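Hi,

Here is the structure I promised to pass on. Have a look, and then read my notes below.

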Amino acid sequence: MKFIDEAKIDIQAGNGGNGCVSFRREKFVPKGGPDGGDGGNGGSVYLIGKKGLGTLYDLKVQPHYKAGRGAHGKGKKMIGKKGKDVYIHVPLGVVLINGDRILGEILTHDQILLAAKGGKGGRGNYHFLTFTNQSPRYSEEGKEGEKKTLKIILKLISDIGLVGLPNSGKSTLLNAITNAQPKIGDYPFTTLNPNLGVLKDDFKNIVIADMPGIIKGAHNGKGLGLQFLRHIERTNVIVLVIDISVSHPLDQYKCLLNEFKKYSDALLNKPRIVVFNKIDLLDTIPDYNLPEKIFYISALKGTNIEQLINSLCK
Ligand SMILES: Nc1nc2c(ncn2[C@@H]2O[C@H](COP(=O)(O)OP(=O)(O)OP(=O)(O)O)[C@@H](O)[C@H]2O)c(=O)[nH]1
Ligand SMILES: [Mg+2]
C-alpha cells in the first residue's frame, strides 16, 4: 500500500436528538403530567491506533467521516437512541492537528482519542415541570455535534533511525541487520519512503527505520528531506551512515549534523552513533576521532556487523 504520511479529513459528530413534548394519557386520568423523554446524544468520532497499519493511505482515499445523530425523545419518558460512534483506524505515531492546535497523538495499539464530540440530546418537557407550570409545552433541542477539519500527520515510531546521504548504504545495512528487504540501488534516492525492519536475533523487537537520503538543504525541503526528518524525531538513537569510500567522508558527517541543527535542537541532541560503511572498498581504514561511538563496517560483505548489532541491542 502507498506510503502516505499526511492527510486532511473532515469529521462531523452527530447532532443530539430533540427532547419531546408529551403528556400522559391514561384512562381515568384526565390530566396527565408531562412525560416527554430526552433526545439521545449524537455519536462521536474517535481515532483508534492500530498496530499493523503503516500509512495514512486509507484516510487520503476516504477523507469524510460522519457519526450518527441521536434519535428524538418520545412520550412515556422514553429516551432517544444514542447516535452511532465512528472509529477511524490510524497507524501508531499519528499527530492530530486542528488549525494550529495539536489535539493529541496516538502511540499505542487500541489507544482511543476523541476527535469530535457528539451533541448532547435535548431534555424532554417533564424536566420543566414546576409549581407554576404544570403542563410545560417546552422541551430542548438537541445540541449540534462538533464539526472539524483535521490534519493528520504520521511520525513513524522506530527505535533506531538510519540516516545518511543518498547512496551511503542505509538500505543495504537495514537488509543486513533486520528482516526487511528494502530496494537497493547504485544510484541516489533509491529509497523514496521510510522502510521499517525488526532487528535480527533480538527478543526486544527493536524497530529500525531506513530513511530516504538526506542532502544539503533538506531542512528547507530540498530533495526528499524535510518530510522525512520528521520521522527521525521519534527515534531513540540515530545511526549516521557514511560512505567511507568517497573523498572527504567527514563532509557527509558535517552536512548531516548541519541539517539536524537547522531542523531542531531536539534532533541535534538525540543520541547517535556513526557508522562508516563500504570499508571493503578501502585498502587501509582511517581512524577518525569523533565524539560519537564509531563503527567501521561493510554492510555488503557483513564485516563488523555483529559488533554493531550488539551495540544497538544494548
Ligand atoms: N562495496 C560496497 N558497496 C555497498 C556497501 N553498502 C552498500 N553498497 C552499495 O551502495 C549502493 C547504494 O546502496 P543503498 O543501500 O541503496 O544506499 P542508500 O543509502 O539506501 O541509498 P538511498 O536510498 O538512495 O539514499 C548500492 O549499489 C549498494 O550495493 C558496502 O558495504 N560495500
Ligand atoms: Mg535506500
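This is a predicted model: local features need pLDDT of at least 70, side-chain atom pairs count only at pLDDT 80 or more; totals for chains, interfaces and linings use all residues.

Residues are numbered from 1 along each chain as written, chains are lettered from A and ligands numbered from 1 in written order, and side-chain values use heavy atoms, without hydrogens and water.

Now the metal. Ser171 (OG) and Thr191 (OG1) coordinate the magnesium ion (ligand 2) at 1.9 to 2.1 Å. Donors here are N, O and S atoms within 2.8 Å of the metal (3.2 Å for Na, K and Ca); water is not among the atoms, so the site may look incomplete. Ser171 belongs to helix α2 (residues 170–177) and Thr191 to the loop between α2 and β10 (195–198), so the pair ties together parts 20 residues apart in sequence. Helices are DSSP runs (H or I, at least four residues), as are strands (E, at least two). Ser171 is buried, at 8% relative accessibility, and Thr191 is buried at 8% too; buried means under 20% relative accessible area with a 1.4 Å probe, protein chains only.

On to ligand 1. A polar side-chain atom of Ser171 is 2.8 Å from one of its oxygen atoms, and a side-chain N or O atom of Asp280 is 2.8 Å from a nitrogen atom of ligand 1. Polar contacts are pairs of N or O atoms within 3.5 Å.

Cheers

Note on methods. Buried means under 20% relative accessible area, exposed over 50%, partly exposed in between (1.4 Å probe, protein chains only). A polar contact is a pair of N or O atoms within 3.5 Å; within protein, one must be able to donate a hydrogen and the other to accept it, and residues adjacent in sequence count only if both atoms are side-chain atoms.
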